[in-house]
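I opened this entry to keep track of what I looked up.

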Amino acid sequence: MKSFAAVAAFAAAVLATPTPTTPELAPRASASLEPITVKGNAFFKGTSRFYMRGVDWQPGGSSNLVDPLADTALCTRDIANFKTLGLNTVRIYTVDNTANHDTCMGLLADAGIYLVLDVNSPLYSINRAKPGPSYNAVYLQNIFATIDAFAKYSNTLAFFSGNEVINDDLTTNCAPYVKAVTRDMRQYLGSRGYRQIPVGYSAADVNSNRLEMAQYMNCGSDDERSDFFAFNDYSWCDPSSFTTSGWDQKVKNFTGYGLPLFLSEYGCNTNARQFEEVTSLYSTQMTPVYSGGLVYEYSEEGSKYGLVQISGSTAKPLADFTALQSAFSKTANPSGDGGYNSTGGASNCPKKSANWDVADDSLPAIPSAAAAFMKSGAGTGVGLQGKGSQNSGGTSTGTAAPGSGSVTAVASGTSASATKSSASSLQGSMNFQPMIVSGLVVAFTFVGAALL
Ligand SMILES: *[C@@H]1O[C@H](CO)[C@@H](O)[C@H](O)[C@H]1NC(C)=O
Ligand SMILES: *[C@@H]1O[C@H](CO)[C@@H](O)[C@H](O)[C@H]1NC(C)=O
């Protein structure tokens with residue numbers, strides 16, 4: 001008892017004295033990083049170009065969902081490894097939007113690390129098999145609650161509105177829903193007075209519609225365009241090269257694209273990984289068009305992509321960890337601005353084709369119950385629990401008027417008839433396209449009618 005009291009008194013004395021040696025005693029929760037902004041086709045930290053050096057971080061994977069930012073011991077363990085790797089960014093696919101993340105976000109900030117966050121969870125997401133019904137107010141409420149939980153942190157770099165919703169040419173009919181979700185998230189950030197944290201989509205590694213999706217997410221009125229575009233890429237399998245991997249074509253294809261681009265997953269593991277692509281990714285071969293990327297993935301989850309093996313509370317670095325650390329440490333960023341394009345700007349919408357099942361740029365209007373969150377806030381999220389949202393009703397009942405997602409026009413365009421009248425009063429004549437994919441017109445109208 002005596003010695004305990006003495007230790008406590010000593011600790012209290014140490015804590016009360018602001019010396020440089022005390023921060024180790026308790027994690028800080030108030031660290032702050034300069035927010036990342038978008039300029040032209042690049043990210044910036046103040047006046048310096050910012051390149052993501054990141055990993056995808058979801059210990060437990062999707063089968064054993066854990067929010068790594070809700071557990072101080074876990075995040076402390078992993079952040080030490082992130083520092084060893086030399087990272088400045090991590091991506092998390094799913095978080096618990098009811099948990100407190102102050103400590104871990106503060107520890108990330110202390111380490112100079114930003115977060116790219118997916119707002120979805122397996123049960124609260126767009127269903128690629130039935131996108132219309134899954135775009136609904138219950139779904140939007142939960143992802144807006146995730147925005148509420150993370151918008152306050154200066155080191156929240158970006159939000160992903162969706163991940164690999166489209167995974168072949170047949171599912172390109174999901175694109176209008178992905179784009180509508182992106183629009184709604186951007187409107188929510190603006191309407192709630194948050195910092196305009198960049199919002200964009202993470203596309204699957206599919207050559208046949210990658211460029212179309214990128215153009216689509218950056219076409220149309222400003223309220224409907226993304227802040228960046230990202231895709232997963234496993235085409236560089238060591239030993240390889242800029243041309244052998246086809247990355248030269250991916251630079252060529254995207255030259256002139258008006259948004260920042262990065263690889264949201266990379267690291268082909270066909271052969272032993274040396275991460276030779278790191279040299280190329282942060283060289284001027286790539287940096288006029290790309291802003292770095294995120295290695296898949298931090299923890300070994302059974303598919304041999306892991307950099308560490310987690311066992312109980314320990315995370316043991318594997319050979320790939322050392323290889324990545326070495327690749328990063330010998331690769332500096334280009335000097336100056338890396339040849340970025342300061343112009344930026346919109347793309348043309350892709351034409352409907354065998355690879356692209358979207359006829360024009362019209363989007364579903366935000367479901368009316370979700371439009372109300374712009375004013376009232378979303379309220380509490382469901383966390384990692386919940387019954388799921390994909391069939392909960394409260395879907396969109398009409399086509400959005402271009403501009404309806406802008407922050408100054410909050411809550412306009414919530415149904416076909418309301419959209420028409422508000423649009424005519426807002427902007428005179430509007431061209432109301434039929435719903436995007438034939439067949440879905442019917443499904444959409446029917447679901448909407450059934451709910452009335
Ligand atoms: C470049 O774009 C064309 C046209 O969309 C596409 O056919 C090709 O596969 C793309 N190349 C790469 C490497 O993505
Ligand atoms: C810069 O971006 C603009 C707008 O996207 C584009 O028109 C122009 O061709 C780009 N310039 C270069 C050198 O890529």
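**Ligand 2.** The model is predicted. I listed the residues around ligand 2 and got Thr255, Gly256, Gly258, Asn341, Thr343, Gly344 and Gly345. I then sorted this shell by class: 7 residues are polar, with no nonpolar and no charged ones.

**Confidence.** The mean pLDDT of the protein is 87, and 83% of its residues reach 70 or more. Residues 1-29 have a pLDDT below 50, and beyond near neighbours in sequence this stretch has 14 contacts in the model. Residues 411-452 also stay under 50 in pLDDT. For residues 411-452 I noted 68 contacts beyond four places in sequence.

**Helix 10.** Which residues of helix 10 are buried? In helix 10 (residues 319-329) they are Asp320, Phe321, Leu324 and Ala327. I looked down the axis of helix 10: its buried residues fall within an arc of 130°, so they line one face of the helix. On the other side of helix 10, I found Ala319 and Ser329 exposed. I also looked up what covers the buried residues of helix 10. The cover includes two helices, helix 2 (72-85) and helix 9 (277-281). It also includes strand 11 (292-295), strand 12 (308-311) and strand 13 (314-317).

**Helix 5.** I took helix 5 (residues 137-150) next. Its 14 residues reach 20 Å from the first C-alpha to the last, close to the 20 Å expected at 1.5 Å a residue. Helix 5 is mostly covered, with 13 of its 14 residues buried.

**Asp168.** Where does Asp168 sit? I found Asp168 in the loop between strand 7 (156-163) and helix 6 (175-191). Is Asp168 buried or exposed? Asp168 counts as exposed because it has 12 C-beta neighbours inside 10 Å, and a residue is exposed at 12 or fewer. I also looked up Asp168 together with Asn209. The two are 41 residues apart along the chain, and their C-alpha atoms are separated by 7.7 Å.

Methods:
Residues are numbered from 1 along each chain as its sequence is written. Chains are lettered from A and ligands numbered from 1 in the order in which they are written. This is a predicted model: local features need pLDDT of at least 70, side-chain atom pairs count only at pLDDT 80 or more; totals for chains, interfaces and linings use all residues. A residue is near a molecule or strand if its C-beta atom, placed from the backbone, lies within 6 Å of it. Ala, Val, Leu, Ile, Met, Phe, Trp, Tyr, Cys and Pro count as nonpolar, Asp, Glu, Lys and Arg as charged, and the others, Gly among them, as polar. A residue is buried if 20 or more other C-beta atoms lie within 10 Å of its own, exposed if 12 or fewer, and partly exposed in between; C-beta atoms are placed from the backbone. Helices (H or I, at least four residues) and strands (E, at least two) are DSSP runs, numbered from the N terminus. The arc is that of the directions from the helix axis to the C-beta atoms. Two residues are in contact if their C-beta atoms, placed from the backbone, lie within 7 Å. pLDDT is the predictor's confidence in each residue, from 0 to 100. The expected span of a helix is 1.5 Å times one less than its number of residues.
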